[in-house]
Amino acid sequence: MKKEELKELLKDMSLKEKIGQMLQLMGVFFLEDADSVLTGPWQSLGIEEEDIRTAGSILGTYGADTLMKIQKAYMEKQPHHIPMLFMMDVIHGMKTIFPAPLGLGAAFDPELAERCAAVAAKEASVSGLHVVFSPMADLVRDARWGRVMESTGEDPYLNGRYAQAQVKGFQGEDMGQPYKVCSCIKHFAAYGGAEAGRDYNTVELSEHTLRDFYLPAYKAGIDAKAGMVMTSFNTVNGIPASTNRWLMRDILREEMGFDGVLISDFSAIMETIAHGYSADEKDAAKKALEAGVDIDMMTGVYAGNLCKLVEEGEVEEAQIDECVLRILELKNRLGLFENPYKDADPKKEKTVVLCEEHRRLAREAAAKSFVLLKNEGILPLDATKKIAFIGPYTNNKEIISSWAVTGNVSDCVTMEEAAREVLDTVHTTYHAGSPMLENEYELIGFGGILAHDVSEAEQQKMLAEAVAAAKEADIVIMPLGEHYQQSGEASSRAMIDVPEVQMRLLREVAKVNENIVVVLFSGRPLDIRELSRTAKAVLEVWFPGTEGGHAIMDVLTGKVNPSGKLSMSFPYCVGQIPVHYDAYSTGRPDLEGKKEKFRSKYQDIPNEPLYPFGYGLSYTTYEISPVSLSSEVLTDEGLVEASVKIKNTGKAAGTEVVQLYIQDITASVVRPVKELKGFQKVELAPGEEKSVTFVIEEPMLRFLRADGTVGSEEGKFHLWIGCDSMTENMAELQYSCKRK
Ligand code: NOJ
């Protein structure tokens, strides 16, 4: 449809019908037996039959047959036969589940993320969906927050590259094309800044931290033309995001130029009452509308109050028209007025979903997401050795994250299944060794409290069998880690360690065999001081997804050389959080080697994280030359090339992530000690050497200056090129501004 036709349609709609477009419900409201995933608190919505008849979109329901049925029945009754939008949380894959986003971030490979998003879009679209609530572009610095798993990490530049790539993967050039869906950037804004890592908690940020660190990744997704944005649950400096005019109108719409559909998070408009910001539902509806929120997700706040507000002259109908036009435009961009079913196709759903090609990509992506944290020469595995697998993840299919709500655990390949394909079937043994969690640990999943009781006698038996196997083995592989429901939404943890029952198993095994390789599953950085002291090698595999087992064996056996790098620091311990590499300078930095009292440091732990951002080992070694600059002076009219040579000095072929960091040494506001400004993945055969060049230009030096403008400032800059954020391979650059 042409824009003019959409406007005509809008003119012809009744107020009630328009408000219907702004209501989002779940599939069960339309089809009793529709498979629906409830991703927020169930509540009574106080809506009427007519609201349901005109509700403009659905969340949480998928399946070509189901959604086609709902669409047909709905359109017949909808006064103007306007099609519905079907939305779903497709976070890291639809049915073919890719590694959890924090793992994908560790691949330092936005192009890979784009390919994964394109596959997810294809599977989602044939399953009848039009919009995916992804990517989550929230910056994260606090590993206690369960949702760090859904983020690509602590760095604004890296997150921005991923947000952009994923939007491109989901939407392609035109979301109306076959197998494309609309992407929804979330959660605007700064949801990752929740105080003390407790989900839904307050966010207090200075404007320069908000603008320089938290906002850029959303902006990158918006620049990539994401069709939707979702608000966040939190307050930002005292005002709930979902009713925050400044955030939504001034920043998102005006400054960032977002002209798509803005949806609230699940009941977030209503929750502004509990925040103590809206007096009641009517007040909340008015404030959210004034902020320009187009769709109310799963409450009756808009449906029950907007009509009254217009009638009483409290809000202009034109404000509602503005929202509804945006929703109609999105439906139009997706081509739904011409084909309301878009790609929904029950036959294709069967052949496309989880096809071999998709599984292959899942395996590749997972292997690339793994980070080798430690290796004392024990990996890759010597397959002639006698190997025992001991740990609760040995033969466990629960290796997709709690946010893979469309995926099936039963489709996953376990480590044992994969190991049996490649290792000696006579001598290799497999044992759980312990339950995943202590009996007392209370875990509430999407469906309520999850029981995991294993009797004391059974636990003793498991342990005894494991220790006996460890005694017999040359090498023990220990697949340990968090339960998959210990991270994700509403899964904050104060103690971010491997469950104690598994640590006991590790200690007992270590008493009889020192050749331990830990394969670590987690949705967040954990406190692994003891674990990494005990094991000879530690491979972080996150929640690796459907093909996790195969990918892990590919890396353990050396078929794939690990190349992942942490996109979020592993803290030394909880007391150090938030810890991130791009901290601001202090007046009393802790100088290496100096034992001085009056320094910014702890008495009992180091300042440095256990494993820093950008860190990850390989089965080979690399040598990097000093940084060479094409000129020592950069101007705003030119560029400088910063280059290094990197050589593979080991025996295995490998891929290294070469990273560029910059520091603005003196500025009108204090700047971070280091900021990632570029990275390149370089493949190198043994003995091979390559040059890597980064182009430095003025826009890379910009920040929110003391006078409130964004720009760069003249002066000296440090510039590092290396293999992690601790690199000392530095050069100095002078920046001078000609266009004054
Ligand atoms: C709440 C979550 O915060 C958000 O990420 C998700 O997309 C919605 N629920 C819908 O499930």
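Predicted model: local features only at pLDDT ≥ 70, side-chain atom pairs only at ≥ 80, totals over all residues.
The ligand sits in the largest cavity, where 14 residues surround it. The closest of these are Thr39, Asp89, Arg147, His187 and Asp265.

Aspartate 89 places a polar side-chain atom 2.3 Å from an oxygen atom of the ligand. For aspartate 265, the corresponding distance to a ligand oxygen atom is 2.5 Å, and for a polar side-chain atom of lysine 186 it is 2.9 Å. The ligand on its own has 290 Å² of accessible area, and the protein covers 100% of it.

Two of the residues just named also interact with each other. Side chains of opposite charge can pair when their charged atoms come close. Aspartate 89 and lysine 186 form a salt bridge, in which the closest N and O atoms are 3.2 Å apart. Aspartate 89 lies in the loop between strand S3 (85-88) and helix H5 (101-106), whereas lysine 186 lies in strand S5 (residues 182-188); the pair therefore ties together parts that are 97 residues apart in sequence. A search of the whole structure finds 51 salt bridges.

Note on methods:
Residues numbered from 1 in each chain as written. Heavy atoms only, no water. Near = heavy atom within 4 Å. Polar contact = N/O pair within 3.5 Å; in protein donor to acceptor, adjacent residues only side chain to side chain. Areas by Shrake-Rupley, 256 points an atom, 1.4 Å probe, with all protein chains shown as cover. 1 Å grid on protein atoms, 1.4 Å probe; cavity = no way out; pocket = protein on both sides within 12 Å on 5 of 7 lines; lining within 4 Å. Sits in = over half its atoms within 2 Å of the grid points. Salt bridge = Lys/Arg side-chain N within 4 Å of Asp/Glu carboxyl O. Helix = DSSP H or I, 4+ residues; strand = E, 2+ residues; numbered from the N terminus.
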